[in-house]
Amino acid sequence: MSVRVTHLDNGVTVATDEIPRVETVALGVFVGVGTRHEPAELNGASHLLEHMALKGTASRSARDIAEEIESVGGQLNAFTGRETTAFHAHVLKEHTGLALDLLADVVRNPRLDEGELDRERQVVLQEIGQAHDTPDDIIFDHVQEVAFPDQGVGRPVLGRAANVAALTRDDLAAYMRRHYGAQRIVVAAAGKVGHDAFVEMARGHFADMPRTGDEAGEPARYAGGDYREQRDLEQVHLALGLPGVGARDPRYYTAAVLATLLGGGMSSRLFQKVREERGLVYTVFAFHSAAGDSGLFGVYAGTGADEVRDLIPVVCEEIAACAREVSEAELDRARAQLKASILMSQESTTGRCEQLATHILVHGRPVSTDEIVAGIDAVDREAVQGFAAELSAGRPALVGLGPVGEVESLDSVAARFAA
């Protein structure tokens, strides 16, 4: 295995995945904090802070940051999730030091200028507005919130517009001091990078970082429920959620295999039954999204206002049918799809860097490709059918956007599973 890990004295983790055959390095500073760590009144703070970190530091303006990385042909960006905020770059191998210096600067020394905050707040509000105007995007926020109401893991990553409008510089600075602690930092790199040299670079930037923010986000509590919004659209966008499992749960790979078998490709049950045989949809797929301690298993479909009456019964029946019978052939196909996806992702330095950091934040250690493949291969018919049966017993989270008049009630959907 090409992965090596070093822990600095203050708790910062430095990890590398050396790939000698490439000429570039993907690297990032990954912070184990995200939406689920926000109290309700600060929802959106993680994402707004991610934006603001790139808007200038004590020694660099936003333009300086952009010009410095692009002058060497590199790329720098950031993203926020429910449990992670990441700042990452991709450069030629000889510019690894420059990229890490930039990343460390934006993470440790953001200026949080009031004028920049006012401007960037408007950018984020536009981003929120755009998401709300995209029903096949915002529906996943809605189903997450219905599944996990009134808790951090259920709130939208972008934040609510009213909250973002009210967040102040002091709010962001206090949030960063509280949560951006050394023990939550993973500095990771993948590509043509030597571990020992990279550790020394990271030590120079992060060894004096204080340990703060040991508190975890509140535990996830699945509830289920119903949300529907009448919109003037051509299609009904429908999401059906059921309680999944967390990334640390032994059944995580079982959930992934079932999601693939049920709705992960053109050979999947839902695609064949709902689109090919019945013509009820253009798009349908199943998913399993997982945080460390919780997950959401679900199905998304876009369908016509009349077709939705036929769609929901078919979807419920196909989920229930997986509890009764799964063939070895379709199980083999699902496992092959998952393994191919994992192995193909190993061809990307950016993918390998992000995967390495994520595994350390979630599991406390790197997880090898061999271990992942073995976990997928170990999923058998009994496990998949047993997990499908558990899904059928859970209270659904049902969301509809568009002309939702013919979307049946939550009680009716729940009764289909109970039957």
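Where does Gly181 lie? I looked it up: Gly181 sits in the loop between α7 (169-179) and β6 (185-191). Helices here are DSSP runs of H or I with at least four residues, strands are runs of E with at least two, and both are numbered from the N terminus.

Before going on, I noted that this is a predicted model, where local features need pLDDT of at least 70 and side-chain atom pairs count only at pLDDT 80 or more, while totals for chains, interfaces and linings use all residues. Residues are numbered from 1 along each chain as its sequence is written, and side-chain values use heavy atoms, with hydrogens and water left out.

**Gly181 again.** Leaving aside neighbours within four places in sequence, I found Gly181 in contact with Pro210 and Thr212 (contact means heavy atoms within 4.5 Å). I also compared Gly181 with Gly154: they are 27 residues apart in sequence and 24 Å apart in space, C-alpha to C-alpha.

**Strands.** I followed β5 (residues 85-92), which pairs with β3 (residues 24-31) in the antiparallel sense over eight bridges (pairing takes at least two DSSP bridges between two strands). On that side, Val25 has Val91 of β5 as its bridge partner. I then saw that β4 (residues 75-80) also runs antiparallel to β5, joined by six bridges. Thr80 is bridged to Thr85 in β5, and β4 and β5 make a hairpin with four residues between them.

**Cores.** Which residues touch the most other members of the largest nonpolar core? I got Leu27 and Phe206, out of 66 residues (such a core is a set of buried Ala, Val, Leu, Ile, Met, Phe, Trp, Tyr and Cys residues joined through side-chain atoms within 4.5 Å). Helix α3 (residues 96-108) gives the most to this core, with seven residues. Apart from it I found another core of 48 residues, including Ala259 and Val284. Not counting residues up to four places away in sequence, Phe206 touches several residues, among them Leu8, Val29, Leu100 and Val187.

**Helix pair.** I looked at α2 (residues 62-70) beside α3: their axes come within 10 Å and cross at roughly 160 degrees (axes are lines fitted to C-alpha atoms over the stretch in contact, with angles from 0 to 180 degrees between N-to-C directions). Where do they meet? Ile65, Glu68 and Ile69 in α2 meet Leu98, Ala99, Leu102 and Val106 in α3.

Conventions: Buried means under 20% relative accessible area, exposed over 50%, partly exposed in between (1.4 Å probe, protein chains only).
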